[in-house]
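Please have the viewer open as you read.

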Amino acid sequence: MILGLDVGGTHTDVVFLSRKGVQKHVKVPTQPDNLFKSVLSGFTLILENVDPGRIERVVISTTLTTNAIVQQTVTPVGMIVSAGPGIDPQSFRTGDHYYAVGGSINHRGREIEPINEMEIKAVGETLKKAGIEYVGVVSKFCVRNPSHEILIKRILNKQFKQIFLGHHVSGNLNFPRRIATTHMNAAVYPLHKDFFQAVEQSLEEMGLTVPIQILKADGGTMTLGASMAFPAQTVLSGPAASIMGAIPYAPEGQDAVVLDIGGTTTDIAFLVDKTPLLEPVGIQRGGYRSLIRSLRTDSKGIGGDSALRVNEKSELMVGPDRIGPAMAFGGPVPTPTDALVVLGLMEAGDQDRARQGIKSIADQLGMEEKQAAEHIFKICCNIILKKTFEMIDTLNAKPVYTVHDFLEGYKFSPDTILLMGGPARFFAEKIQDMYQLETIAVPYASVANAIGAALARTTCEVTVNADTEQGVVTAHEEDFAEPVSKSFSREDLEETAYSLLKDKAENAGADPDNLNEVEVVEFQEFNIVRNFSPRGKILRTKIQLKPGLIHGYESMLNQQAQGN
Amino acid sequence: MGMNQCLTSRRKEIKGDTMLNASHKTGLVFFPAFDWAIDSTHPEREERLLYTQDQVSEEGVFDIPGIIEYKPEIVTPKDLQRAHFCVPDEHTVTTESHHLISAGGAKAIANAVMLKEVKNGFALVRPPGHHAMRVTHGGRGFCHINVEAVMVEYIRSQFGVKRIAIIDTDCHHGDGTNDIFWHDPDVLFISLHQDGRTLYPGTGFPGELGGPNAKGSNLNIPLPPGTSTKGYLYVIENCVLPVLEAFKPDLVVNSAGQDNHYTDPLTNMNFSAQGYARLTAMLKPDIAVLEGGYAIEGALPYVNLGIILAMAGIDYSGVVEPDYNPEKLKQSVSVTDKIKKVCDQIMTYWGQRYEMREAAGEPGQIIIRHREVFYDTDNIFDRQKEKIRVCRDCGGSFEVDSKAVPGHHVLGVHIPINACKACREQGYEFYEQADKTRYQRIYLQDRTTDLYEIKQ
Ligand SMILES: [Zn+2]
Ligand SMILES: [Zn+2]
Ligand SMILES: [Zn+2]
């Protein structure tokens, strides 16, 4: 038995799943200023008449960190950044307490300039005086050699509550993103810790003693314990929950698009053979770029509540803003939802008010009421699909770095569209008609996000580098480094990577049954040659436990859906 | 999802005026061909751009607003046929597709620049191309096809651009590009390189000024070993920029070789990352294409970063090699003197270009040139005999009789893109009168109609 809970902007959804499918689902309003209460009332309701001892797994997805960032209620963080040659590190300033210090490491991980202890101590004192309790330390190329970050932490350790190091957030190269990610980690840490410790305690009081799993932006889970080292991974877990909830209905061995049509935005994501695609480097939203592993999603400012207008050229404009709910539900301006009501697709709501709203648009467009409603509906489908195809073009235009990938690179080409969100079922038929692509409205659309959270399995990634000229194999993100001989091979590297991944996954709470979904994301091998003679090899790999659903539940969900 | 806007606006607020931003849009193609090498210990091998990629990735260059990464395209035989006579055919010369993707990288940047998606662009591609000549029987100086020439001919045909300048700052004489535009008065080719008496390919002396119809539109500036940043920038300021000013190109291309770096294993120069960035900022190329550069660990990561930032109009003052010591790299007084002298000589030639063309022959006259070309990479020896029609109205049609050992005996006829009526007729006369029994293949490259034809 599994519980999945997803805190959304307006509702908190909870599902109770067994191997027979959805046993129960509840929806409570989200109290944005008291998420703890929302989570608690969700759990209290779902556990009515359920023996908590039968629950084997609990997964929670919240907007806690996302909200804190949006509302700027995060904790102030001191950042210490050591850059060396390159772009001016002041360009990556995270806030007032940001200090660029000396010291430098090059791309091979060799020390170019040492850390100046006096300088670090002085920065530490300044931060102390400013009342800073949490610190992030990032050095350029720390993923090749983290010794400067470790040294800085050692110098400052006793003076701060917690110090976060850049090389722990990712094995990927990207100094500015590493700074932003380390900063965010430290900034949301106290909030995340207090919140989940309170949740854990309350669940224990209800008799739920299984370890809590938390959903990440990459659609995977981690244990509460594991989340403390990297709480920023919970940012944007909401869209991830929905995408994971679509997987049971995705076609096997084919490409599919997931569209989650909400009130004001539509989220767009991609599945290849039931596996969601990930952002190549990390979450990016507008100007914000991070190294947080994330499902590849984008959103378009259009949804059921988008405000409708007619511009001076007599063209229909949809959104991107929301002024209120649909007129059918007491709102001030007409919305796409009103069009659905007028077309008779949606039965709920005040018909007369919806017609009144659509009529005002129809008059400006010089159309009949029904005709205008139909026009609105088509335009909405158009906007959503246009954005989707643009994203697919971007996806397929992704640069490649080998002749092989250039010639054989995968082209994403969807056969199916999976629709989620409130108005999904009304759109399915229309989109299928307009675009001749099989379009499925996901069953249990209103709680699919909670189902996605409940069934998401543990994900993680390790990056391993070997440099036989320097005689080391390292995975600094995992605090791993070992000497190797000149004969260290691809097989040796893979073995090291698999064993590190297995440990990391088990630490994050993975079920040993689900450890077989390993994927080699990257492998590179280079001969190091100087003056025409070979000096050694560089071997690099990145492997992941890819996002997906835990075994044993999917087929029941499908059958149940057909029975519905 | 308020997250989008909020994260963005928050970011701006925090960063204030320190936020990194390109002053305009700059396109990049990065194609390191990580799975291809000439052979495993050859300088032109997989590892060459690895550390550059590491540096550029770690600096977050592709995240900078205004910098746009493009995927390379692949060039077609049609693209090659505008710049080359591939012997026996395109497929044989470019058996391996990396040549086509490397040139395709430059083509992708050209498209982005010409369609005004970006203001300028840099193709970081390998293998290089500037030693590949118009007649190409195989590999020369690591090059099979000329990336810049293929790109320039594509731009001329596709976008109708008339006047183009190619500034080759690779440490080796760009003899391939020089050969391809030898007779073309509308393409200004300037090569800065280490003196040919001290380095491959051993050519590129000031007196090599172009064919009779294009004298002075090819300028070769040999520099003494030990030339430092100061010397390079002196040539740019006192020679290249004034010539560009007078030539008024519609498009400036930089063959951005990086083997004049003070740590390059194949050359003897003292150029630096700061110098490359300054050079780029001064030259303001619309399109830069990577050529050579084999100090792959100590130089390329910094030089490439410097060039990218300079192209994007971003502060590059922090891009310095870890072991950079300008005192140690100072050029001697005699080097400074030699550089001044060669610049003066070049400016004199440039000033006399029209007189030199007048003196080269009478319009309608056919001038014959004999030459020999050695292919070091593929060990081919090519003996050529070229005939060109002297003309004041266009670049003049010519034919090249090329006999390669081992290899083929062929004849290539070229009619320039802006050919006058008389030269066009002359070109067809060359083609029609060619003795089929003497040649294995006879090619016609009629650029006026973008036609390429073969008789066997
Ligand atoms: Zn060179
Ligand atoms: Zn070269
Ligand atoms: Zn002519």
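Pro201(B) sits in the loop between strand S7 (187–194) and strand S8 (218–223) of chain B.

A word on conventions: this is a predicted model, in which local features need pLDDT of at least 70 and side-chain atom pairs count only at pLDDT 80 or more, while totals for chains, interfaces and linings use all residues. Residues are numbered from 1 along each chain as its sequence is written, chains are lettered from A and ligands numbered from 1 in the order in which they are written, and side-chain values use heavy atoms, leaving out hydrogens and water.

Two non-glycine residues are worth a look. Asp273(A) has a positive phi of about 50° and is placed in the loop between strand S14 (266–272) and strand S15 (275–276) of chain A. Its relative accessibility is 39%, so Asp273(A) counts as partly exposed (buried means under 20% relative accessible area, exposed over 50%, partly exposed in between, with a 1.4 Å probe and protein chains only).

In chain B, Lys116(B) has phi near 60°. Lys116(B) is in the loop between helix H5 (98–114) and strand S4 (120–125), and counts as exposed because its relative accessibility is 72%.

## Where the chains meet

How many residues of chain A are in contact with chain B? The contact involves 67 residues of chain A and 58 residues of chain B, contact meaning heavy atoms within 4.5 Å. About 5,300 Å² is buried between the two chains, with carbon and sulfur atoms giving 59% of that area; buried area is the accessible area (1.4 Å probe) that two parts lose on being put together, summed over both. His107(A), Tyr401(A) and Phe406(A) supply 14% of the area that chain A buries against chain B, more than any other three residues.

Ten salt bridges are counted between chain A and chain B (a side-chain nitrogen of Lys or Arg within 4 Å of a carboxyl oxygen of Asp or Glu). Glu297(B) forms a salt bridge with Arg110(A), and their closest N and O atoms are 2.9 Å apart.

Conventions: Helices (H or I, at least four residues) and strands (E, at least two) are DSSP runs, numbered from the N terminus.
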